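Please keep the sequence and the structure in view while reading.

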Amino acid sequence: MPSVYKGAGCHPSKSCAEAPADMIVDDVDVDMETEEADAPDDVNIVKVTEIEDDDDGDGDDDGNDDDAHYRMLIREKEQEEEKLIDDTVALEEAAIPEDALGEMIGPTHATEEQLKQMRSMYVADEKGVLHHKRTLLNLINKGKGLGKKSHDREKRARGDARHGNGTRQKSDSCVKRAFRFAHDHSDIDSGTNHHAPGDFCCVLVEGSTKSAHMVIAKFVRFGNINNNVPLELSWPIEQLSFKATVEVISIDAYSNIDQEACIRSTGRILVTLRSVHSDCITPITPSLEEAEVDGKSITHAVMKLSELKTLFCEMACNVTRFHKLTKKINLPPIEVEGDAPFVVTNRVSELPVCSICQPSMRIGRQNCEKHELQRYLRNHAASHFWSSSIEGEPCGLCCKAGCSTRLSVHITKGDVKKILENGARISPSSIVSHGCQTFLDVKPFEFKWCNKAISGFPCLNMPVICHACTADYSIPTFLWSYNIENHYNMQHGSFTGEERKKYESYITDAAEKEQVRKNFPIN
């Protein structure tokens with residue numbers, strides 16, 4: 001029978017403030033709480049809640065029994081987990097005897113604090129928070145998503161990140177990120193048709209003083225031209241364009257048994273260069289020589305000085321760019337017996353001659369740098385172009401109509417698309433191959449040397465893409481900007497207002513023409 005609670009104490013199930021007087025209390029609940037308080041800790045108590053009768057008066061005794069049984073199983077599971085934690089703590093408190101620990105990990109120079117960390121079941125992070133080693137082991141074995149997961153079950157099943165712009169964004173695990181290098185990149189190829197880490201190469205570098213020289217280095221990693229960080233462990237030899245991380249090594253000069261001058265690696269690494277373009281690199285295969293140093297046998301890579309000089313001359317003549325060193329890197333040139341045989345000479349020894357001028361005249365100034373020579377030639381040819389009416393499409397360097405006028409600019413298919421559709425400019429670092437058959441000694445140059453007028457060089461004759469000729473983005477057609485109007489009139493019928501608007505920034509004004517004729521007089 002229910003009773004009325006009128007005692008001076010608190011209500012069994014509510015605080016003093018919440019328990020009003022004359023409240024009906026269920027004696028069964030009171031008895032259950034009393035038994036629960038008096039019961040020992042190791043006894044499982046299942047609190048059974050009486051199920052009220054339905055409106056129709058029918059009860060559900062079977063459902064009540066199932067619910068009680070389910071809670072009992074949950075409690076047993078919780079007790080098992082608590083016992084496991086208690087056993088773990090007990091194991092930690094007991095620790096492992098010093099002699100047993102020594103047998104497990106062998107001889108060690110660890111400190112007492114380090115040994116204590118080894119025996120402990122917990123590890124502290126940088127913030128001092130303790131983490132159970134079992135949790136860390138599960139993290140390593142299974143991986144844990146670093147990005148917050150979405151509450152959307154469909155997104156969560158796909159592995160999408162919680163926040164996104166509608167595109168597929170994978171939430172990587174820390175294990176995948178840690179071992180991405182091993183998973184996502186190819187292994188070292190054992191064949192001879194791949195460049196591999198440890199292979200030797202020669203690299204042309206340029207310091208802050210604009211002086212260039214050759215160094216000896218070893219490959220470390222490889223990557224595509226568009227990759228910021230080279231990560232591949234090998235690279236196919238047939239793929240000529242790549243970026244590489246290399247280690248510049250120290251070398252020593254000596255004479256071999258046949259009294260030939262040679263250089264060999266000392267094994268000491270001077271500096272690591274990253275994202276070195278393949279245009280600056282030439283792989284080499286040195287000989288191997290064993291030597292005894294301090295009683296130890298050491299293998300040196302040996303290269304003949306004469307062979308390296310021949311290779312250096314080929315690289316200096318054909319190279320289109322140098323790897324530019326930062327101001328922090330001080331990498332002196334290789335010296336052999338007080339001489340520096342691998343320094344690139346940037347001075348022009350013999351000036352080119354213009355055969356159009358009567359009498360003929362030399363173009364440029366004595367001891368000018370090689371990259372300046374194309375400026376002198378372009379401005380001199382521009383003076384011929386604007387001083388007389390020249391028909392056709394003359395060359396931008398020699399101003400001859402019969403010379404090859406089709407240029408080659410090293411840009412990607414995507415760059416061509418941006419130029420044609422969005423009016424973008426050619427990248428200043430793009431390499432321009434002029435195609436002139438008269439001045440073959442003029443090497444390819446970077447676009448930045450011709451896209452701006454500077455003091456003394458007002459000519460702005462530069463490579464541009466013909467919109468009408470370029471139907472395929474992978475095969476662009478380039479021409480000199482001075483020839484745009486003649487090209488459209490001869491090849492495409494007319495140079496309309498719409499086409500003129502596309503090339504508005506490339507059309508020469510009267511001031512530029514007058515300045516070119518003034519600065520570069522012709523015969």
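What percentage of the 523 residues of the protein count as buried?

## Overall features

The model is predicted. Of the protein's 523 residues, 31% count as buried. The accessible surface comes to about 33,500 Å², and carbon and sulfur atoms account for 50% of that surface.

The secondary structure consists of 14 helices and 21 strands. When contacts between residues at least 6 apart in sequence are considered, 53% of them join residues at least 24 apart.

## Strand 6

Strand 6 comprises residues 200–206. Because 7 of its 7 residues are buried, strand 6 is largely enclosed by the rest of the structure. In a regular strand, side chains alternate between the two faces of the sheet. In strand 6, Phe-200, Cys-202, Leu-204 and Glu-206 point one way, while Cys-201, Val-203 and Val-205 point the other way. The residues of both sets are buried.

Which strands pair with strand 6, and in what sense? Strand 7 pairs with strand 6 in the antiparallel sense over 7 bridges. Strand 11 also pairs with strand 6 in the antiparallel sense, over 3 bridges. Strand 14, residues 323–324, pairs with strand 6 in the parallel sense over 2 bridges.

Cys-202 has Ile-216 as its bridge partner in strand 7 and Thr-282 as its bridge partner in strand 11. Glu-206 has Ala-212 as its bridge partner in strand 7, and Lys-324 as its bridge partner in strand 14.

Strand 7 spans residues 212–223. With 10 of its 12 residues buried, strand 7 is, like strand 6, largely enclosed by the rest of the structure. Within it, Ala-217 has Val-248 of strand 9 as its bridge partner.

## Helix 9

Helix 9 covers residues 305–318.

Which residues of helix 9 are buried? They are Leu-305, Leu-308, Leu-311, Phe-312 and Met-315. These residues cover an arc of only 120 degrees around the axis, which means that they lie on the same side of helix 9. What covers them includes strand 6 and strand 7. The cover also includes strand 10 (261–277), strand 11 (281–283) and strand 13 (296–304).

An open sheet is formed by 3 strands in the order 17-18-19, with antiparallel pairing. Strand 17 (408–409) and strand 19 (445–446) are its edge strands, each pairing on one side only. Strand 17 and strand 18, residues 431–433, are joined over 2 bridges in the antiparallel sense. In this pairing, Ser-408 has Ser-433 of strand 18 as its bridge partner.

## Cysteines

How many disulfides does the count come to? The count comes to 0 disulfides, the criterion being a pair of cysteine sulfur atoms within 2.5 Å. A disulfide is a covalent bond between the sulfur atoms of two cysteines.

Cys-466 shows how this criterion applies. The closest cysteine sulfur to that of Cys-466 belongs to Cys-469 and lies 3.4 Å away, which is too far for a bond. Cys-466 is buried, with a relative accessible area of 0%. Cys-262 also counts as buried, because its relative accessibility is 2% and the cut-off for buried is under 20%.

## Ser-383 in helix 10

Ser-383 is found in helix 10, which covers residues 370–387. Is this serine buried or exposed? Ser-383 counts as buried, because its relative accessibility is 1%. Leaving aside residues up to four places away in sequence, Ser-383 touches Val-516, Arg-517, Phe-520 and Ile-522.

Key:
Residues are numbered from 1 along each chain as its sequence is written. This is a predicted model: local features need pLDDT of at least 70, side-chain atom pairs count only at pLDDT 80 or more; totals for chains, interfaces and linings use all residues. Side-chain values use heavy atoms; hydrogens and water are left out. Helices (H or I, at least four residues) and strands (E, at least two) are DSSP runs, numbered from the N terminus. The expected span of a helix is 1.5 Å times one less than its number of residues. Buried means under 20% relative accessible area, exposed over 50%, partly exposed in between (1.4 Å probe, protein chains only). The arc is that of the directions from the helix axis to the C-beta atoms. Contact means heavy atoms within 4.5 Å. Accessible areas come from the Shrake-Rupley method with a 1.4 Å probe; for residues, only the protein chains shown count as cover. Two strands pair if DSSP finds at least two bridges between them.
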